[in-house]
Structure formats: structure tokens, C-alpha cells
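Please keep the sequence and the model in view while reading.

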Amino acid sequence: MLFAITEINNRSDLLPGISLGYKLYDSCGSILHGVGGAIALAMGNEEVLVSSESLCTRSAHVQAIIGETSSSPCMATATVLGPFHLPMISHFATCACLSDKVKYPSFFRTIPSDLYQSRALAQLVRYFGWTWVGAIRTDDDYGNNGMATFVETAHQLGICLEYSVSFFRADPPEKILNIVKRIRQSTSKVIVTFLTPNEIAVLITALSEQNVTGYQWVGTEAWIFDSKTVAKDKHHILDGAIGLSIPKTHVSGMKEFMMDVRPLNMSGNQLFTEFWEELFNCKFHAESYHKRCTGTEDLSQVDNSFTDMSLMPIFNNVYKGVYAVAHALHKILKCNKTCQTDVTLDPHMILQHLKNIHFQTKEGEEVYFNENGDPAAKYEIINWQPTAQGTVDFVTVGLYDASLPTHRQLKLQNVSLNWAQNSKQVPVSVCSKACSPGTRKVLQKGKPVCCYDCVPCAAEGEISNSTDSITCVQCPSDFWSNAQRDTCVKKETEFLSYEEIMGALLTAASLFGTCMTCAVAWVFYKYRKTPVVRANNSELSFLLLFSLSLCFLCSLTFIGRPSEWSCMLRHTAFGITFVLCISCVLGKTIVVLMAFRATLPGSNVMKWFGPLQQRLSVLAFTLVQGVICILWLTINPPFPFKNMSHYKEKIILECGLGSPIGFWAVLGYIGLLALLCFVLAFLARKLPDNFNEAKFITFSMLIFCAVWITFIPAYVSSPGKFTVAVEIFAILASSYGMLFCIFLPKYFIILFKPEHNTKKHLMGKASHKGL
């Protein structure tokens with residue numbers, strides 16, 4: 001503070017023509033003394049502790065107070081100073097509670113609030129994956145408020161506290177031993193502290209006595225950069241500690257100013273005498289057994305707390321506080337070349353101007369206060385790294401800047417870190433190990449959320465693809481979980497394809513049937529003038545062969561990936577071609593019956609069922625099926641869809657019927673015609689005709705009906721692509737049945753028994769049977 005005042009008084013651009021004075025008051029770390037001193041300073045009736053030979057040119061009314069160091073004394077002092085509107089700027093009080101402007105309207109500070117430090121500590125702990133930690137705090141406003149903010153942020157980040165204990169340095173030894181016992185019994189390996197150097201010294205002494213080591217310590221700025229704490233940690237309890245510290249800084253000229261204390265000696269100041277004798281362990285008026293002080297000892301050769309410049313960041317906070325007051329006074333007095341010293345100074349005016357100051361120090365550091373009287377929060381991350389000489393280096397391993405977005409506030413540098421017990425590996429401190437993908441967390445009853453069991457995803461089709469997942473998610477409808485339940489894989493699509501064996505065999509059977517039908521048609525055409533062909537209604541026979549070839553070919557529409565057109569084509573083509581086929585067979589059956597009736601005396605029935613009527617009957621029967629199919633396609637046609645209900649792990653690509661009524665109407669109409677044809681053929685099976693087709697038609701219709709009667713339950717119960725295979729099999733079986741039963745006997749006679757393919761043989765047989 002003296003250095004800053006001297007520097008300001010020697011400047012010509014800041015408060016020119018005005019010299020700042022000061023008064024010092026020692027609170028001795030006592031809240032009572034601190035409040036008493038603050039009241040004395042505010043009222044102007046303080047006791048003069050240090051005489052001064054220089055006379056002030058103005059009254060000794062204090063305009064601002066720099067201090068205190070600790071949070072609790074600051075809270076008491078700031079409460080007292082509030083009604084007086086006397087600004088108070090602390091350099092080291094970090095309790096977040098002091099940001100409450102309702103309670104502490106005149107309080108400012110040049111060190112960040114613990115609100116930011118607590119959040120930074122929580123982010124630091126989470127960064128290293130420590131989710132199960134212990135917490136120890138000083139039982140005062142600093143420790144309790146700081147830890148409360150840490151706990152709140154930690155819970156948001158998924159960090160749990162195994163224990164949280166507090167103590168004060170004056171507590172009974174039994175309480176300290178209980179804390180040591182609690183640490184020893186804990187499973188967490190990381191301890192987060194909000195302790196002052198006094199409390200951490202008491203704790204490490206107790207831990208040393210009980211030989212408790214191997215824990216990772218996380219500290220605040222109160223002790224993490226304190227050389228005194230290092231000196232007291234003789235058993236290396238805190239080795240590898242990591243924590244937050246005020247950023248290192250350098251104020252040019254300050255070290256030299258502090259080392260130059262000889263001018264005090266020239267003034268005969270008693271304070272210098274005591275200081276010098278303590279520092280060099282000598283006496284100015286020494287007895288024979290004491291070392292005599294000369295007053296010219298070299299201060300730079302002394303290594304103690306006074307010459308330790310590691311506290312420069314704290315010195316800088318005091319320095320900035322003094323400059324803040326100077327800048328506020330500069331604005332009030334409207335200083336240009338010289339200040340208007342006749343302006344009446346009011347602490348309330350200084351308070352208002354302090355809220356709005358914004359300046360840079362000579363080192364380029366910006367100084368300003370936010371609406372809570374706090375500065376911008378920036379910290380260095382410090383790691384204790386033991387050296388071979390038994391000392392500890394405070395190594396900066398990262399930075400924290402609260403002004404940046406949350407995901408960028410914490411930044412670790414590419415520096416090797418030391419951990420507890422001089423390990424190079426990051427310690428693990430978790431209640432439960434991380435749940436791997438494919439499992440989910442299930443909380444253990446009566447324990448914090450960080451303690452859980454890892455349970456595999458039970459339901460089929462569910463996965464967890466991240467570590468420590470709390471739920472298993474259902475895969476999309478087109479996907480399924482793999483065996484490890486950690487990723488969704490595309491479901492296998494199933495349909496009857498040409499590439500697989502079953503599809504290839506059915507395709508071959510269809511094409512073979514088509515070829516056989518064409519061969520029969522070619523033979524019948526070549527021998528169309530022979531009695532066997534002419535006697536069996538050659539026109540209907542060729543139409544029947546044509547419809548059978550279509551029946552064989554329509555089975556191919558059922559193979560392959562279903563599409564909108566293939567779904568509509570397969571059912572309508574099947575329905576129309578089979579009706580055409582059955583209509584031809586029905587026509588041939590009726591012709592046989594009519595031919596037999598025509599042989600009876602006086603019968604003229606054949607003129608009512610000649611070739612024209614036969615064609616019209618086939619056309620009429622087929623048109624009825626065509627109308628049914630058109631209505632079906634118009635109202636609710638078949639459509640391709642993905643059947644995901646039959647198999648959970650794969651998708652069946654099939655054709656939906658659209659309207660079930662349409663499907664069963666088409667099938668029912670075919671069955672009705674087949675049944676009618678079967679009945680008529682059965683009645684005509686014993687008619688006296690050598691080449692009577694009725695018995696062959698009866699066998700073919702018997703096969704047809706048997707196939708399609710068994711098809712219905714097989715179709716309903718068959719899964720997936722087997723449904724389509726059953727339908728194709730029914731089409732092919734019934735087509736082959738009609739081809740073999742109706743045409744194979746004639747085909748055999750034409751090619752292998754040509755002697756029977758004569759009118760004489762035909763008529764002879766007929767006469768013989770008639771007899």
C-alpha cells in the first residue's frame with residue numbers, strides 16, 4: 001500500500017497537486033479489533049499508533065479503507081461501514097456472500113469471489129473424472145459458503161461427496177482425529193478443501209502423526225500457493241496437490257521498494273528496530289552473548305517470508321485497490337493540470353465513482369468492478385511438483401477464465417502433472433466404475449447417484465451407445481440391437497428373391513412348366529388334324545394351354561422385392577389367369593356333357609352350346625373375375641409394406657392385401673368355378689366315349705381343389721417369405737395337375753401310340769364300350 005501511495009504521489013497525470021496520506025490499523029486477525037478499527041477510521045477518532053513528523057494539509061478524514069484479508073472480519077466490518085457509505089476494498093476476502101450489495105453496499109474487492117472459484121474447482125474435479133470425493137472446509141464463512149457453492153455445482157456436474165466435514169484450528173484434538181479417521185475409512189481418493197493455511201497446517205500435522213498418505217488434494221487459492229504450507233508439510237502429505245491460484249503477476253519496482261527499508265532506520269522508527277532484529281537475529285544494543293546489528297546487513301541474502309515474492313499476486317491486489325481509490329478521487333476532483341481542492345469530498349461520491357472505474361495498471365492489467373463489486377475471475381491452475389532437493393515447485397498447468405463460455409473456461413496446458421505419491425497417472429476416484437456401452441446404470445439403494453450397478457440392456461432392440469448411460473434407448477423401427485447391445489444395426493430384410501435356392505427352384509419350376517405347356521401346344525398344333533386333337537375341342541384346348549402358360553408365368557410375379565406395381569400385378573394376374581384356365585376346363589366339361597346328350601334320339605342340345613357359346617362362356621366367366629379385380633384395385637389395392645411384427649430382428653417385405661374382401665373374393669370365385677367344374681366332370685366321368693376327357697378333368701380338379709384347400713391354412717400360418725413360397729407352390733402344383741391330367745394322356749398317344757390316333761380306333765372303342 002505504501003508503494004502504491006508513493007508511486008501515485010510522484011505521478012503528474014494522476015491527482016496532480018494532491019498527495020495521498022494513509023493510516024494503518026492492525027486488526028490482529030480479530031473480528032472485534034477489525035470492527036473497532038473500522039469505526040475509529042470512519043469516525044476520525046482513531047488512536048495514532050505511529051507518529052509522523054509530516055503534517056497533513058487537510059483534515060485526517062478517511063476516504064476509503066483497504067482491507068481486510070479474511071472473509072469473516074470483512075463481513076463484520078463491511079456491515080458496520082455500510083451506513084457510512086465508506087468504501088472498503090479487500091485484497092483477499094473471497095467469500096461469495098460479500099457480493100450481496102443489499103448487505104454490503106460499500107464493499108469491493110480486487111480478488112475474485114469464491115462463487116467462481118467453487119465452480120472452477122468443480123469443473124477441475126470433473127475434468128479429471130473424479131466423481132466420488134471427500135470435502136473438508138474451515139468452519140467459518142469462507143469455508144462454509146465456498147463449499148456450499150462447490151457442492152451445488154458438483155451435483156450439477158455429476159460429482160458426489162462421500163463426506164463433508166468442517167473444523168476450526170481451535171477445535172479439540174478429538175475432532176481433528178475423527179476427521180482423520182473419516183478420511184482413512186473413505187473409499188474416495190480425492191479431497192477437495194476450502195481451508196485457510198492455519199487449518200491445513202493443523203490437518204497435515206494430524207495426518208502425519210497417523211501416517212495417512214496417498215490422497216489427491218485439491219486446494220483453493222488460500223493455501224495452494226503458500227510457501228509456509230510447503231514448509232510445514234515435512235512428510236509430503238500434500239505432494240501432487242492441484243488447485244487454483246491468483247494469476248502470477250509482476251509489479252515493477254515493488255520488490256526494490258520493499259527491500260529498501262533503511263530510510264525507516266534514519267527516522268528512528270521503533271518498528272524498524274524490531275523488524276531488523278527479528279530478521280537478522282541480532283540486537284542493536286546487544287549484550288556480549290548476542291550478535292550486534294549494524295543496520296547495514298544485506299536484506300537480499302535473507303530467505304524468509306518477507307523476502308518471498310511469491311505473494312506478489314496478493315501485493316498486486318492491494319496495489320490495484322489503492323489505485324482504484326486514486327482514480328475515483330481523480331474523477332471527483334476533475335483533475336487536469338491541478339485538482340480543484342476546494343471540492344468537498346463525500347465518501348458516498350467515492351463509492352459511486354468506484355462502481356464505474358475502468359483503468360489499466362502500468363503493467364497493462366485492466367481494473368474494474370462488476371455490479372457486485374467483484375473483479376473479473378481468472379485463476380491459474382497450480383500443481384505441487386516435488387523436486388530432488390526436497391522442495392516443491394508451484395507449476396502452472398492451466399488457466400481458468402470465467403468470462404469465457406462454459407466449455408472454454410477451463411484450459412489445461414500440455415504440461416506433465418504430478419499426482420499423489422509422486423505418480424504420473426491420474427488417480428481414480430469413483431464410487432462405481434463406468435458402465436460400458438451396452439449397459440445402463442441402476443442406482444444402489446440408499447447411496448448417492450454416483451454409486452450404481454451396471455445392468456445390461458434387457459429388452460431386445462434396446463441399446464446404450466455411451467459410457468455411463470442411465471437408460472437404454474429403443475432402436476429405430478428399421479434397426480435392431482447387436483449382440484453387445486451397444487449399437488443399432490440395420491435389420492435384415494427378408495423377401496423371396498431369385499438369388500436364393502428356394503426362389504431359384506420355384507423360378508425353374510415355373511419356367512419348366514411354361515416350356516412343357518409350349519411343347520404340348522406345339523405338338524397339338526402339329527397334329528391338330530388328328531382324331532385325338534379334333535375329338536377333344538381343339539379350340540378350347542389351345543386356349544387352355546395358353547392360360548396354363550400364363551398361370552406358370554404369373555408365379556414369377558411373386559418372386560423378388562415387392563413394389564407397388566408387382567403387388568397389384570401378382571394378385572390380379574393370378575386371379576384372371578386361373579379363372580381363364582378354369583373357364584376353359586369348365587367349357588370342355590360342358591362340351592363333353594352336351595356331346596353325350598346330343599347322341600340321344602331327338603336331342604338338339606349342341607346347337608345351344610356351339611363354338612360361339614363356348615367362347616362367350618369363357619369370356620363371361622373371365623369378365624366377372626376382371627370386374628372383381630378392378631373393384632379391388634380401385635377401392636383398396638394391394639400394396640408393399642414392411643412387416644415388423646412377425647420377426648423383431650428382421651423386416652419381412654411383403655404385399656399387403658389392401659382389402660381382404662377383394663383377395664378372398666378373387667380366391668373364392670376361382671374355388672367356386674373349380675368346384676362346379678369338378679362336380680360336372682365327376683358326373684360325366686363314365687360317359688361312353690373312348691376319349692372322354694371328363695375323368696381326366698375330374699382328376700385335375702380333384703388335385704386343384706386339394707391343393708387350394710390345403711393352401712389356405714398353410715398360407716395363414718407360414719411366416720415371412722414362406723407365405724409367398726406356399727402361394728407359388730399352390731399355383732405351380734395346380735397348373736401342373738391340370739397340364740398332366742388333361743394333356744399328358746393325349747400327348748402320350750400322339751407321340752408314342754400313333755396307331756391309336758385313328759378315327760377307326762376311336763370309333764371302335766366307342767362301339768365296344770357302348771355294347
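A cavity, on a 1 Å grid over the protein atoms alone, is a set of points where a 1.4 Å probe fits but cannot get out, and its lining residues have an atom within 4 Å of a point. Grid points are joined across faces, edges and corners, and a volume is the space filled by probe spheres set on the points. The model is predicted; local features need pLDDT of at least 70, side-chain atom pairs count only at pLDDT 80 or more, and totals for chains, interfaces and linings use all residues. Numbering starts from 1 along each chain as its sequence is written, and side-chain values use heavy atoms, with hydrogens and water left out.

**Cavity**

A search of the whole structure finds one cavity of 30 Å³ or more. The largest cavity has a volume of about 50 Å³. Its lining consists of F495, L496, F558, G560, P562, R570, I652, L653, E654, G720, K721 and V724. Two elements, β22 (650-656) and α22 (721-752), each give two or more residues to this lining; β22 gives the most, with three residues. Helices (H or I, at least four residues) and strands (E, at least two) are DSSP runs, numbered from the N terminus. The lining residues divide into seven nonpolar, two polar and three charged. In this division Ala, Val, Leu, Ile, Met, Phe, Trp, Tyr, Cys and Pro count as nonpolar, Asp, Glu, Lys and Arg as charged, and the others, Gly among them, as polar.

**Sheets**

Two strands pair if DSSP finds at least two bridges between them. An open sheet of three strands has the order β1-β2-β3, with parallel pairing. β1 (65-66) and β3 (107-109) are its edge strands, each pairing on one side only. An open sheet of eight strands runs β5-β4-β6-β7-β8-β11-β12-β13, with mixed pairing. In this sheet β5 (160-167) and β13 (410-412) each have a single partner strand, so one side of each is left without a neighbour in the sheet. The twist averages 25 degrees from one strand to the next. Axes are lines fitted to C-alpha atoms, for helices over the stretch in contact (heavy atoms within 4.5 Å), and angles run from 0 to 180 degrees between N-to-C directions.

| Strand pair | Sense | Bridges | Facing residues |
|---|---|---|---|
| β2 (88-90) and β3 | parallel | three | M88 and F107 |
| β8 (242-245) and β11 (378-386) | antiparallel | four | L244 and I381 |

Helix α3 (residues 71-81) lies across β1, β2 and β3 and runs at about 165 degrees to β2. Helix α6 (residues 173-185) lies across β4 (132-138), β5 and β6 (190-194), at about 165 degrees to β5.

**Backbone details**

G67 and E68 are joined by a cis peptide bond with omega of about -10 degrees, and E68 is found in the loop between β1 and α3. N211 is not a glycine, yet has a positive phi of about 55 degrees; this residue is found in the loop between α7 (197-209) and β7 (216-219).

**Confidence**

pLDDT is the predictor's confidence in each residue, from 0 to 100. The mean pLDDT of the protein is 84, and 89% of its residues reach 70 or more. Over residues 46-55 pLDDT stays under 50, and the model has five contacts beyond four places in sequence for them. Residues 766-771 also have pLDDT under 50, with one contact beyond four places in sequence. Where pLDDT is low, the predicted coordinates should not be read in detail.

Definitions and conventions: On a 1 Å grid over the protein atoms alone, a cavity is a set of points where a 1.4 Å probe fits but cannot get out, and a pocket is an open set with protein on both sides within 12 Å along at least five of seven lines; lining residues have an atom within 4 Å of a point.
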